[in-house]
Amino acid sequence: MSGTNNEKETIHEHEEEVATDDSNLTDKQKARLKYLAERAGVTYEEAVSTNMSQRRLKKMASSIRYAEILQSKRKEEKEKRKTFRKLQREAGQLIQKERKTRTLMKDSNNKVCVAIDLSFDGLMSNKDKKKLRKQLLRCYSCNRSSEAPLQLYLTSVGDEIISEFEGAGNMGFDNWDVHVSSKSYLDVFNHMKSEKGIIYLTRDSENVLPSSDVIRESAGQKVYIIGGLVDHNTLKGFTLEKAKKEGIEHARLPIDEYMKMLRSQVLTVNHVFELMLLVSQGTSWADALEKVIPQRKRKPECRKAVGASKTSAISEQSDSDSSTDDESNDRKRLKHEISEHSSS
Ligand SMILES: C[S@@+](CC[C@H](N)C(=O)[O-])C[C@H]1O[C@@H](n2cnc3c(N)ncnc32)[C@H](O)[C@@H]1O
């Protein structure tokens, strides 16, 4: 039985006038309020004294209900898995999954430094900020699951991005194996500046990054900065200008040299990171590009025959501009990485 508009109005009017007194309500209205308060997990007196509207009570009730359903579903699934494992064990089929040992950055022999510059918050729409967060999750996840993770830094980290990550299922940076700083990369790597060790990666530079060997040899003396920017190329040349103003080095990836792209050579943050990770581990640029650049972004002559490779499928999947993106998969993967990190 739902209250009529008149009843609702009376409750609101009454709440505005005498918040702690329900004497103006009819018995029917009181009963309705009691019913809703009970479902919302508050007492009738609390509901009246704190001016809770029917709508608020209903919302509270439905979120309680939703949490209950979720909990029982989880329990059900856990039970199913348990039964399934038991059956497998009984049938002698249980294959013990080998726990993958993860290498922490501090234990990694890969000392190449890459920083993602997160100073562009003010230049992105909320939608693009969300895309960027997704790309960051991919960078992290890919580094974390690698046998030789590189030294990943996030610089100019602002409150907004921190609270966004904390809000999304307690995945705040505290549990990440990553160097996080609210300072600019210029401050974090100040000691490298005079040695021309800070190199901003930007498509618009006339300089080209050197070979994998050279990058590996200069590990610890150079840091490669990726612009944490999703701009659909509306801010062409922006990071190049930034690097020039700051008097630091800049370079583009050697894409032209190895691959013909269908359109732009501006890559997403995660693709640039994945390339840097592979190259820092000794993979040649040619092979790294082959693995990372999605087929659909290449000119037809640079595409593989259908079914020829599985690696390209992975990178297609990791292209965060793709419409088939599944953020919840990213989150699941990240949660997994973080839980592995916390327990290692
Ligand atoms: C989506 S792009 C942003 C493009 C932006 N208009 C700019 O001025 O950099 C994100 C970042 O990836 C890096 N990036 C993308 N493509 C690159 C390329 N071909 N060479 C070097 N860096 C690249 C740059 O650091 C860039 O800031």
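Of the 344 residues in the protein chain, 29% are buried. The model is predicted. The chain holds 14 helices and six strands.

**Overall fold**
- Take the contacts in the protein chain between residues at least 6 apart in sequence: 76% of them join residues at least 24 apart.

**Around the ligand**
- The ligand is surrounded by 23 residues.
- The closest are Leu 201, Arg 203, Gly 227, Phe 238 and Thr 239.
- Three elements each supply at least two residues of this shell: strand E5 (223-227), helix H10 (238-246) and helix H11.
- By type, the shell around the ligand has twelve nonpolar, seven polar and four charged residues.

**Helices H11 and H12**
- Two packed helices are described by the angle between their axes and the distance between the axes.
- Helix H11 covers residues 269-280, and helix H12 covers residues 285-292.
- Their packing angle is about 140 degrees, and their axes lie 9 Å apart.
- Angles over 145 degrees count as roughly antiparallel, and 65 to 115 as roughly perpendicular; H11 and H12 are therefore oblique to each other.
- The crossing of H11 and H12 is right-handed.
- On the H11 side, the contact uses His 271, Glu 274, Leu 275, Leu 278 and Val 279.
- On the H12 side, Trp 285, Ala 288, Leu 289, Lys 291 and Val 292 meet them.
- The residues of this contact between H11 and H12 split into seven nonpolar, one polar and two charged.

How values were computed:
Residues numbered from 1 in each chain as written. Predicted model: local features only at pLDDT ≥ 70, side-chain atom pairs only at ≥ 80, totals over all residues. Axes fitted to C-alpha atoms, helices over the stretch in contact; angles between N-to-C directions. Helix = DSSP H or I, 4+ residues; strand = E, 2+ residues; numbered from the N terminus. Parallel < 35°, antiparallel > 145°, perpendicular 65-115°, else oblique. Left-handed = near helix turned anticlockwise from the far one by under 90°. Contact = placed C-beta atoms within 7 Å. Nonpolar A, V, L, I, M, F, W, Y, C, P; charged D, E, K, R; others polar. Near = placed C-beta within 6 Å. Buried ≥ 20, exposed ≤ 12 C-beta atoms within 10 Å, placed from the backbone.
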